[in-house]
Amino acid sequence: MTSAGDRVAGIAACVMALAVGVAATRFRVGFYTDPLGPGALPYLAAALIGVGGLAMVVRPGGASARPSAVVARRMAIVFASLVAYAWLLPLFGFLLSTVAILVILSHTFGGPLRRSVILTVLYVGTLYLLFAVVLGLSLPVGTLFLIGP
Amino acid sequence: MSLLLDGFLVALQPLNLVLVLSGVSLGTVVGMLPGIGPINAIAILLPVVFAAGLPAAPALILLVGIYYGSQYGNSISTILLNVPGTASAVVTAIDGYEMTKQGRAGPALAISAIASFVGGTLSIFGLVLFAPLLATWAIRFGPVEYFALMLFAFAALAGVAGRSRPRALIAVGVGLFLASVGIDPNSAVPRFTFGQLELLDGMDFVVVTIGLFAVSEVFLELEKSGVGQAVTATLDSVRVTAREVVATAWTMLRASVVGFLVGVLPGAGGTIASFLAYSTEQRLVDKDDTFGTGDIRGVAAPEAANNAAATGAMIPLLTLGVPGSGTTAVLLGALLSLGVTPGPLLIQNSPEVFWGLAASMYVGNVFLLLLNLPLVRVFVRILEVPRWFLFPAVTALSFVAVYAVNQSTFDLFLMTIFGVLGYGLRKTDIPLAPIILGLVLGPLMERNVRRALLLSDGAWSVLFSSPIAITFWVLTLVSVATPAFLWLWRRRREPGDCVTATEGGV
């Protein structure tokens, strides 16, 4: 049990409260709208975050341990692939992008490669049939495949 | 009564029967799987039902089915594996897992299903009885009363947070901050949009919820090793003797009443209901000190209570539009996006929604009893799905749902960011439910207080101008101040007495 993690979180909350509060001072309107104006809700949010953050700095409880290097590496892989997915989805389309990221995720979770590829292809195919074909959700086809000959 | 019969005409339509069956089955599954709760399931399904063009009543029958169905499911993993699907089943683990260790997993699962059914069905009587009454009373609510009521909802949620109240405050604050993102509808001032066009409409609660709950869960699961849950318990027969059911009958009835009453209160919910019912029964019927050693009543009490609480929580949600928990906050978001405005006029204006939903809950509970008694073996098999398939599969569903909201990849980035944020918050024990409550309730609260002050020409005294509003203010003060007073008092009386402190916190 370390209280350092709590202090860091508390300080982060205080910084956020300050940023929100300062930004809210600039929400002014030239003409009269209502007595409270657009700044009231952000001020309230900043106050709550600030008070909570201060309390965590002053009286820290036990925060949980930091993830190990192996776990941190896995998290970085998952984060990077989520960002890459959002980036590449319009280009490669739902089917290809989703199969790719799911195989990566499944491998990160320690899944056997061949079985995860087979299961993933079946699963993503089912999802596409269910959501795009049956329910009519629009899922990107991928601009790469639209430019054909 | 004729209104409820009309409701059954809605609920018994073939499509709605299919939807309620899908809802409760899905609820059982997500309630059972640790790490995938009803919040994820409802948030993921909402854009889907929206895109599929389901009308409000069938859509709600499905989504609410997930909500109460999950209360049945969470006891399965609790009893068999000692891994509660959600916090409201933690108490069930005490006697439930003990029974499994003694080789009585079958009777434990059976009594849990029966108690859930008793709690679930009895509380629907409460719902159809009290919701219309509360609605007639709440019809007098204006902006002033609503503002005070919403403050009370937040205060109640922070009040039950116990030792981690600073964390609950931060969570509510973050939720309100997220609620203020976008163009302010009153003054057209853009708030915290960082020049992003996509943020002008504000944060979509589906994107935030899926990020905070589903994606952060994937990060959290990376810390664990192992392939999946190995169910080692032997399930010979999932049934109880008539004598055992009779012996628990009063326990189930009392626990249902306790659960229902606690459920109606904002902030409390299933977790507190099950704790309270368990400790009440312990005091009343535990004469031989068998609670905690695999007593069947110790399974029946919390299961009846948390199911009754789930239904009880529907009352303030539907008649006041004020949710008291994370899951009901997501349901409020669902109601609003389906074009149903919850509040005192809901029962009058959309009777098919309210009565159809209530009737479908009876049907759903019958389905759940059938599913959880003979078919429980099938569900248990789902627990054996390997984690390397389960969590990627949930991620893919999250992609589909988040993309369906606006057909924008920006939302996928946002979801990822909220996933990381949710992970950080969970690691520092900051609760996520108040964030969703703040995000969904924040805009309503702001609109009401600004409307009230606009009407009064800026006179703040208007906020204390009605007896109902004053009552809510007092309740708010009480729920904020009581824990602090109790703490001071206890510190003076019995320094360092932790046992009393935890009991009082329950």
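I worked on a predicted model, where local features need pLDDT of at least 70, side-chain atom pairs count only at pLDDT 80 or more, and totals for chains, interfaces and linings use all residues. Residues are numbered from 1 along each chain as its sequence is written, chains are lettered from A and ligands numbered from 1 in the order in which they are written, and side-chain values use heavy atoms, with hydrogens and water left out.

**Entry 1: the A–B interface**

I started with the contact between the chains, which takes 67 residues from chain A and 61 residues from chain B; contact here means heavy atoms within 4.5 Å. Next I looked up the buried area, which is the accessible area (1.4 Å probe) that the two parts lose on being put together, summed over both. It comes to about 5,500 Å² between chain A and chain B, and carbon and sulfur atoms give 81% of that.

How many salt bridges does the rule find across the interface of chain A and chain B? I got 1, with the rule asking for a side-chain nitrogen of Lys or Arg within 4 Å of a carboxyl oxygen of Asp or Glu. B:Arg167 pairs with A:Asp6, and their closest N and O atoms are 2.6 Å apart.

I also noted 6 residue pairs in polar contact across the interface of chain A and chain B, both residues at pLDDT 80 or more. A polar contact is a pair of N or O atoms within 3.5 Å; within protein, one must be able to donate a hydrogen and the other to accept it, and residues adjacent in sequence count only if both atoms are side-chain atoms.

On the side of chain A that touches chain B, the elements giving two or more residues are α1 (4-25), α2 (40-58), α3 (69-108) and α4 (113-134) of chain A. Helices are DSSP runs (H or I, at least four residues) and strands likewise (E, at least two), numbered from the N terminus. The largest share of that side, 19 residues, comes from α3(A).

**Entry 2: B:Glu221**

I found B:Glu221 in helix α9 (residues 205-221) of chain B. Is B:Glu221 buried or exposed? It counts as buried, at 4% relative accessibility; the cut-offs are under 20% relative accessible area for buried, over 50% for exposed, and partly exposed in between (1.4 Å probe, protein chains only). Its side chain makes a polar contact with the side chain of B:Arg387 at 2.6 Å. Leaving out residues up to four places away in sequence, B:Glu221 touches A:Phe109, B:Arg387 and B:Phe391.

My search of the whole structure gave 13 salt bridges over all chains.

- B:Glu98 and B:Lys101 form one, with closest N and O atoms 3.9 Å apart. They are separated by about one helical turn because they sit 3 residues apart in helix α5 (residues 90-101) of chain B. B:Glu98 is partly exposed at 24%, while B:Lys101 is exposed at 55%.
- B:Glu446 and B:Arg191 meet at 2.9 Å, N to O. B:Glu446 is in helix α20 (residues 433-455) and B:Arg191 in strand β2 (residues 190-191) of chain B, so the pair ties together parts 255 residues apart in sequence. Both B:Glu446 and B:Arg191 are buried.
- B:Arg426 bridges to B:Glu217, with closest N and O atoms 2.5 Å apart. This pair links helix α19 (residues 410-427) to helix α9 of chain B, 209 residues apart. B:Arg426 is partly exposed at 22%, whereas B:Glu217 is buried at 10%.
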